[in-house]
Structures are given as structure tokens and as C-alpha cells.
Amino acid sequence: MGELGCWIRLYPDMFLDNNYLKYIGWMLYDKDASVRMKCILALKALYEKRESAMKLGLFFYKFKKRILSMTQDRQPEITSECMQLLRLISEHYVGVFSAMEYVFLFQFVYAAYRPMATAAGELICKRLLAPPPHEGFFGQEPPDEFDRNLQNMKTLIDFYLQGETQVSFGNSRESQCHVSDNQARLIPGRTSILNHAPWGHWRRLFLDPLTNQQERVLIEMLVAAVRQAAEGRPPAGRRLGKKAAREVDGTRRWREHATMSRHFVKVLPRLLSKFAADKEKVTPLLQIPQYCNLDVYDMDGLGSYLDAALLELDCLVQRHSDVAVLEACARAYGTYCDEGGSAHCQAAPACSRLVDMLVDVLTPLLDVFIQREKQGLFLGHGEMGRICSTLRRLAAFYSAHDLSSWNLYEKMDSLLTFRRHQGSLPTEVVHCALQCTYYALLWQIVAATDRLPPQEALLDLRKRLMKFCLVCRVYLNHQSKVLSEKAFILLCDLLLILSHQGPEEDKGLGLLFFVPDHVLQCKLLTFVREHVFLEDTGAAGPSRVYKEEDADELHELFHRRNMLAVFCKLIVCNVLEMSAAADIYQFYLKHYHHFGDIIKETMTRTRQNDRLRNALSLLLCLQQLFQKHVDTYGLGYDPIEFICGPFYSIRLLARRFALTLGFDRAPDAAHLIHRRGLAFAFSESPVPEEEARQRFPNLSFLLVLSEFSCKIPPAERQAALAHFQDSIPEGVPVFGEGDMNPMLVYRKSLMRTDYVAQGEEEPAANPFDAICKDSKRPQELPVGMCSTWTPDTLASSSTGDRETRNSSKGQKSKRDVFDVDFLSSEDSENSSNEDVDVEGISVPEGASD
């Protein structure tokens with residue numbers, strides 16, 4: 001079938017025979033991806049011509065379901081060609097697809113593979129944006145370009161709003177841009193719609209205006225178009241192939257960027273003025289200046305538009321108190337004030353005047369506040385509200401501009417140290433003061449890095465940093481949740497910065513080096529336990545589906561994930577001891593749905609930093625959980641605990657930890673875990689000799705330790721078994737029956753080989769494997785609840801088992817039940833390449849041969 005497509009294009013009538021078509025249809029089910037691809041290409045050649053396409057109606061209705069299912073093929077090239085074939089079919093046949101089938105095809109516009117998304121975008125443009133067939137008849141005047149653009153934009157916006165796949169609009173917009181330049185790349189047309197267009201269309205816009213939600217989506221669409229035009233990169237989650245990357249013309253993109261910049265320089269002030277009252281609309285519009293070439297102000301003589309834009313920014317800062325809007329304004333000011341830019345000369349004085357005004361408002365208010373507090377009086381709600389709003393604006397500007405020349409650190413320090421223990425200050429005031437102080441210290445560190453100051457100045461900066469760390473440490477226990485979480489995040493970020501200043505230098509920036517002591521580490525860890533791993537999080541379970549009304553819960557979950565990520569970053573960067581990760585790993589399974597990805601990434605990064613220390617942290621986590629289990633449930637023996645009780649969850653966590661050790665150089669970490677684990681399991685407690693069970697309270701830990709035996713290579717298990725036998729102290733008690741005995745289970749986990757003797761069952765590495773069997777095998781060793789094993793007895797028993805196994809020629813060992821969810825690479829390679837639904841279509845025997 002290599003040249004079938006070429007022959008079909010030359011002589012299409014020869015291949016319209018039913019036998020050829022039936023052969024192509026059955027080959028669509030072939031397991032070979034190249035065969036399926038050639039069949040799709042052959043069908044595309046037939047459907048490209050209307051004469052041949054009109055004769056294939058019966059063929060398509062017979063194989064319609066199969067062709068639709070091939071849009072989910074494992075080969076991305078096949079999916080894109082199949083989508084193009086379906087687009088050709090939809091052009092030739094009217095009503096060939098139902099509404100649900102169109103919905104199924106339209107969702108591929110969000111695909112990560114760009115050719116597939118482009119083909120879906122072509123189908124959407126042909127289906128939704130095509131002009132109606134009756135347009136221009138019966139004396140109707142066809143709509144002009146603006147009306148057509150308005151209707152198409154509304155159609156695309158409604159498509160996005162009604163879609164079940166709520167992802168970034170940039171993916172859909174970028175796909176439709178690539179196939180319909182005259183529709184999706186008309187940035188001036190979109191801005192004219194937002195500006196309510198020319199006067200000739202005022203009546204139409206009044207009768208059929210954009211809704212509030214449609215305007216927000218159109219603004220997002222506009223900002224996404226500006227970002228992609230400036231950066232030339234695909235949206236997040238979209239892969240850009242090599243061919244598409246080669247097609248990007250740098251000169252053409254530079255010209256488009258310059259044209260777009262000149263356009264937005266003129267229209268941006270009007271857009272900011274129109275949507276100034278709506279924070280959800282004006283916030284994304286404030287991102288546009290950072291993607292524009294601001295040199296057009298000088299080249300084209302557009303200085304008046306710069307004055308208008310700066311005036312609108314000043315009005316927005318004075319009008320809004322929302323943090324998102326203020327930070328967006330500060331970043332926009334930062335773009336205009338960029339040194340070397342054409343707008344710097346006008347924007348920098350405007351920004352300075354605005355900050356001067358804010359500081360002049362704040363200074364007398366703080367003086368009055370401190371004076372009245374000393375007299376036992378309080379400010380009214382109006383004055384405190386003005387203090388909060390001014391601090392919020394200054395904090396937003398401090399994040400993007402260096403305001404050190406205004407000496408805000410002294411003002412913020414006086415607020416934080418003034419009766420902080422009594423909590424007399426409002427939460428919002430302390431929150432903004434913490435943020436401003438943090439930014440002030442960061443700008444001082446940046447200045448010290450750029451130009452090394454004298455040692456006295458560095459010592460003074462170190463004193464300020466230590467004082468701020470102490471303040472944050474105090475506010476960790478504040479009754480306000482907002483303040484305690486803010487203090488935690490700022491403290492973790494500052495510790496991360498100070499730990500990378502170089503302790504080897506006695507002078508210079510080495511003076512700023514600081515690592516938390518053991519007390520501070522314990523405080524941070526306690527805060528994470530109390531504020532991140534809440535009980536209701538684990539109760540939600542993986543089946544919890546958050547809805548629109550659960551926005552507050554999602555927002556809170558986002559904050560908890562952020563705090564956990566900040567804390568884990570300290571562990572990964574060796575700011576905190578790696579043993580602190582053991583307390584985090586305990587929640588890996590219980591809170592897997594919400595924090596599993598963060599904890600797993602922490603395991604991976606710590607393993608890359610130090611494999612052996614990471615192994616010790618995993619072992620410490622299991623030891624802590626085991627000790628909690630013993631303290632809660634005692635040393636009582638219950639077989640059900642090994643199957644579905646809390647002890648089983650510890651074993652399951654140990655199995656997950658064993659999987660995270662990896663395969664390269666994993667034996668070193670596994671040997672270390674086994675050596676330290678055996679020492680912990682056989683540790684004795686000072687009790688009378690008659691209480692032998694309580695003499696070795698950690699003996700059941702061998703069941704947990706057996707989960708790591710799979711990481712020891714088979715060639716080294718004999719030495720591991722010998723070390724286990726040598727580690728057994730005298731008088732070790734035996735409890736449990738058969739495979740429920742910890743020592744027997746651990747010994748057999750080390751003795752597992754690929755072959756067993758004929759007529760002998762494979763030893764179970766897990767106790768519930770033996771319980772789930774219908775019949776119990778005979779005991780290999782005498783078992784008694786109060787009897788003891790000696791090293792000689794265990795050695796003789798293991799020698800007998802080993803001799804029996806060495807003479808085996810039986811079958812391979814069965815897969816452990818823990819490995820059900822983890823497929824090996826061999827299983828994935830042997831699996832079929834086809835993953836689409838072919839139910840309902842019968843395939844004759846031998847069709848795939």
C-alpha cells in the first residue's frame with residue numbers, strides 16, 4: 001500500500017470498486033500503525049474530489065464508527081490525518097454527523113499535538129464560522145466585515161463557554177489562528193468590538209450587545225493573541241513540532257509585532273478607561289504593555305498616547321484597592337519605567353510622584369496612630385481603612401519597584417514591633433507591613449549583591465534580617481490564620497535566600513548566611529502539620545469532584561499546597577535537615593489526592609541529591625508510623641491488622657517507598673534500609689525476662705521491612721540473608737502462624753527466586769497472600785506463641801529450604817498482588833497499539849493478517 005495514495009489520485013475510478021473499498025475498510029483495524037496511516041491517506045485521496053466522494057456514502061456509513069474512533073489513536077500523526085479526513089467528509093455530505101458527534105470532534109481543538117488541534121480548528125471554522133447559504137438572497141444586503149467579525153467572535157466565545165473542557169482559551173485561539181488568519185488574527189477588529197465600534201454600528205450593538213461574560217472572554221482572547229504574537233511560542237500544554245518551528249519567519253513576526261504595538265499604543269488608554277470599574281476585565285488588559293514594543297512612542301511620535309496611558313494607570317491605582325489590580329498596575333509601571341526604553345523619561349517621574357503621594361498620605365496617619373496608641377486611644381474605622389488601603393498600594397509597588405529611598409522599612413518595623421504580642425493592630429495592617437518589610441529586605445539584599453557595601457552596613461542588614469525572622473516566628477502562632485500563613489511563607493522564602501549566600505566567606509555576603517536551628521525547624525514542621533494536613537482533606541477522597549460553588553474550598557486548598565511546596569523546597573535545597581521530610585512522607589497515602597504530586601517530587605529531588613540520606617528519611621518515616629501504631633494499639637496480635645487494619649497501611653506505604661528508590665544504584669539504599677531496619681526491629685527494651693514478647697516490641701517491623709527485599713539483587717540476597725541470621729539475638733519470641741510470623745515472612749522475602757521445586761508452593765512475601773489461599777500449606781517450622789528461635793535453628797531451617805529450591809525446575813513466580821497497579825515495561829511493549837473503541841463492528845477472521 002506504499003503507492004496506493006498516488007494511484008488513487010491519478011485514477012480514482014479504478015479504486016471505487018467494492019472489493020478495494022472493503023479491503024481498505026478492514027485494514028483500518030490493523031495493528032500496524034503504518035498500515036492504518038496508509039489507509040487514511042488513501043481515503044483522503046478519494047474524498048478530495050467531489051465526484052469520487054459522492055460514491056462513497058455507503059462505505060462511510062459502514063465504517064463511520066471506526067473512522068471516528070481513530071481520532072483517539074495512539075499515533076498522533078494518524079489522529080491529525082483522520083481529523084482532516086472527517087473535515088473533507090463533512091464538506092461533501094450534509095447532516096453526516098450528529099450534534100453529539102460534532103461536540104466529540106470539536107473537543108480536539110484543545111489537543112496538545114498541534115497538527116491535530118489545527119485540523120480540529122479547520123473543522124470548527126468550516127462548521128461554525130461559514131456564512132449561511134441564504135446570505136445575499138431575497139434582497140438582503142450582505143453584512144459588512146465588522147458585522148461578520150462580531151458574529152464570528154460571539155460564536156467562538158459561546159463555543160468556549162459552552163465547552164465542557166475548561167482549559168486555557170489560548171489553545172483554542174491558537175489552533176483557529178493557524179487556519180483562519182482573516183478571522184482570528186484581526187486584533188483591530190476585536191478591539192473595535194470592545195470599544196463599541198464605529199457609529200455606523202451603534203444600533204446593532206445596542207440591540208445585540210456582548211454580555212459581561214462574553215466581554216471577559218474576548219479580553220482574555222485578545223491578551224492571549226498579543227502574548228503569542230510577541231513571544232512566538234505556542235500556549236501552555238501545546239507542543240510545537242520541528243516543522244512548525246522552522247516555518248516561523250523572524251522578519252515577518254517582527255513586523256507583525258511592530259504593527260500590533262502601534263495599534264495598542266493608541267487603543268489601550270481607551271480600553272483602560274472603559275473597563276476601569278471592572279477589576280476582572282482591567283487586570284488582563286494591564287498585561288498588554290509588557291508584550292508591546294514601547295520604542296514606537298519615539299519612532300512614530302505617539303507621546304500623547306503615553307501620557308494618556310500613564311494617566312489611566314494613576315487613576316486605576318487611586319480607584320482600586322484589589323491586590324491583583326494594584327500588582328498589575330505596578331508591573332505596567334515597571335514596563336514603562338524600564339531603563340533604556342523610550343518611555344522611561346516620562347514614566348519614571350510619574351511613578352515617583354505617585355509613590356510620593358502615597359507616602360505623604362501614610363506618614364501622618366502612622367504618626368497619629370502611634371501617638372494615640374501610647375495614650376490608650378484608638379483610631380476610627382475611617383483612618384484605619386485609609387492606612388490599610390495605602391499600605392496595600394505601597395506593598396504592590398514594592399514588589400516591582402525599589403522604594404528604598406523612601407525609608408519605608410523604619411515605618412513598617414515600627415508597626416510590626418509595636419505591641420505585636422497583644423495583637424492590637426488590625427490583620428490587614430500587619431499583613432501589608434509584613435509584605436512591605438519583606439520586599440524592603442529583598443531590595444537591600446539585591447543592592448548588596450550588585451555592589452558590596454561596607455562591613456558595617458552588612459552587619460546592620462544581618463541584624464534586620466534576624467529581627468524579621470524573629471517577628472515571623474512570633475506571628476506563626478498568631479490567632480489569625482491569614483497572618484500565620486503569610487508569616488510562614490515569607491519566613492520560608494527568606495530562609496531559602498539566606499542559606500545560599502555562601503558560609504565559606506567570613507566577610508562579604510557570607511555575613512548574611514543563616515540556617516534555621518533545630519527549634520525553628522520544629523516550629524515550621526509543626527505549622528505544616530496543623531495547617532496543611534487537615535483531617536477533612538483525607539476524608540474527601542479521590543472521588544471528590546469540585547464544583548463551581550466550591551471556589552472557597554479550592555482557594556484554601558491552593559494555599560495549603562503552596563505552603564507545603566514552600567516547605568518541601570527548603571528540604572530539597574538542604575536548608576532543613578532531610579530527616580524533616582520523614583514527617584511529610586507519613587501523609588503520602590492519606591492525602592495522596594491533594595498533595596501526592598508535591599510529596600512524590602520531594603522524594604525524587606532528595607533522592608537525586610543524596611540517595612542514602614533519602615533512604616534513611618524513608619526508613620525514619622516508617623519507624624515513626626510503626627511506633628505510633630504500637631503506642632496506640634499496643635503489642636496485641638491480630639491477623640486482621642495485617643490485611644485491612646492500620647498496620648496494613650504502613651506496609652502499603654513501605655511498598656510505595658520501595659518503588660521510589662528507582663532501579664539504578666538502588667541496592668546501596670536498599671542494603672542501608674535493611675541494616676538499619678534490622679537494628680530497629682531487634683532492639684530490646686528493659687523488661688523482665690518472662691515477658692519475652694515485650695522484650696522485642698519492634699519485631700513486627702520485619703513485616704514492613706520485607707517490602708524492600710525486592711530492591712536487593714538476587715545475587716546479593718544470600719549475603720543479606722546471612723546478615724539477617726547473624727543479627728538475630730538470643731531469645732527472640734515467635735508469634736503468629738506460618739506466613740503470619742514476621743521473621744518467617746522476612747526470611748522468605750529474601751529467599752524468593754524465579755523457580756521453585758515441583759510440588760512445592762511459592763513462599764508468600766506478604767501475609768495476606770497466604771490468608772487468601774483456600775488451603776494452608778504445612779508449617780515448615782514449629783510455631784508457638786511463647787517459644788523462641790535461635791540463630792542455629794533458623795539457619796538449619798533455611799538451609800533445608802535452600803537445598804530444596806536449588807533442585808527446582810518449576811514455573812516462574814507469580815506477580816505480587818501489590819504490583820497490580822504498576823505495569824512493567826515488557827507488559828506495555830507487548831500491549832496492542834490500538835486503544836480505540838471498536839465495539840459494535842465485526843471484523844472477519846484474518847482481516848488483520
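1. Which residues does Y336 touch, not counting residues up to four places away in sequence? In this predicted model, Y336 touches L268, P289, L294, Y297, L306, A309, L310, L313, A343, H344 and A347 under that condition. Y336 also belongs to the largest nonpolar core, a set of 237 residues, where Y47, Y336 and L524 have the most contacts inside the core. As general background, nonpolar side chains in soluble globular proteins tend to be buried together.

2. Overall architecture. The protein chain contains 42 helices and two strands. Its length is 849 residues, of which 49% count as buried. Among contacts with a separation of 6 or more, 75% come from residues 24 or more positions apart. The chain exposes about 42500 Å², and carbon and sulfur atoms supply 52% of that area.

3. Confidence. The mean pLDDT of the protein chain is 75, with 71% of its residues at 70 or more. Two segments call for caution. Over residues 175-184 pLDDT stays under 50, and the model has 30 contacts beyond four places in sequence for them. Over residues 197-207 pLDDT likewise stays under 50, with 13 contacts beyond four places in sequence. Where pLDDT is low, the predicted coordinates should not be read in detail.

4. Salt bridge between K64 and E101. The count of salt bridges comes to 20. In one of them, K64 pairs with E101, and the closest N and O atoms are 3.1 Å apart. This pair links distant parts of the chain, with K64 in helix α6 (residues 64-69) and E101 in helix α8 (residues 99-106), 37 residues apart. K64 has a relative accessible area of 15%, and because buried means under 20%, K64 counts as buried. In general, side chains of opposite charge can pair when their charged atoms come close.

5. K279 forms a salt bridge with D322, for which the closest N and O atoms are 3.6 Å apart. Here too distant parts of the chain are linked, since K279 is in helix α18 and D322 in the loop between α20 (303-319) and α21 (323-336), 43 residues apart. Are K279 and D322 buried or partly exposed? K279 is partly exposed at 40% relative accessibility, and D322 is partly exposed with a relative accessible area of 26%.

6. Backbone torsions. Most residues other than glycine have a negative phi. N407, which is not a glycine, has a positive phi of about 55°. N407 is found in the loop between α23 (381-398) and α24 (408-417), and counts as partly exposed at 46% relative accessibility. N574 is a second residue other than glycine with a positive phi, near 60°. N574 lies in the loop between α30 (551-572) and α31 (581-585) and is partly exposed, at 45% relative accessibility.

7. Helix α23. This helix has 18 residues and reaches 25 Å from its first C-alpha to its last, close to the 26 Å expected at 1.5 Å a residue. Why is α23 described as largely enclosed by the rest of the structure? The reason is that 13 of its 18 residues are buried.

8. Surroundings of E556. E556 is found in helix α30 and is partly exposed, with a relative accessible area of 29%. Leaving aside neighbours within four places in sequence, E556 is in contact with K481 and L534. E556 and V532 are 24 residues apart in sequence, and their C-alpha atoms are 9.8 Å apart in space.

Conventions: Residues numbered from 1 in each chain as written. Predicted model: local features only at pLDDT ≥ 70, side-chain atom pairs only at ≥ 80, totals over all residues. Heavy atoms only, no water. Helix = DSSP H or I, 4+ residues; strand = E, 2+ residues; numbered from the N terminus. Buried < 20%, exposed > 50% of the residue type's maximum accessible area, 1.4 Å probe, protein only. Contact = heavy atoms within 4.5 Å. Areas by Shrake-Rupley, 256 points an atom, 1.4 Å probe, with all protein chains shown as cover. Core = buried A, V, L, I, M, F, W, Y, C linked by side-chain atoms within 4.5 Å. Salt bridge = Lys/Arg side-chain N within 4 Å of Asp/Glu carboxyl O. pLDDT = per-residue confidence, 0-100. Expected span 1.5 Å × (residues − 1).
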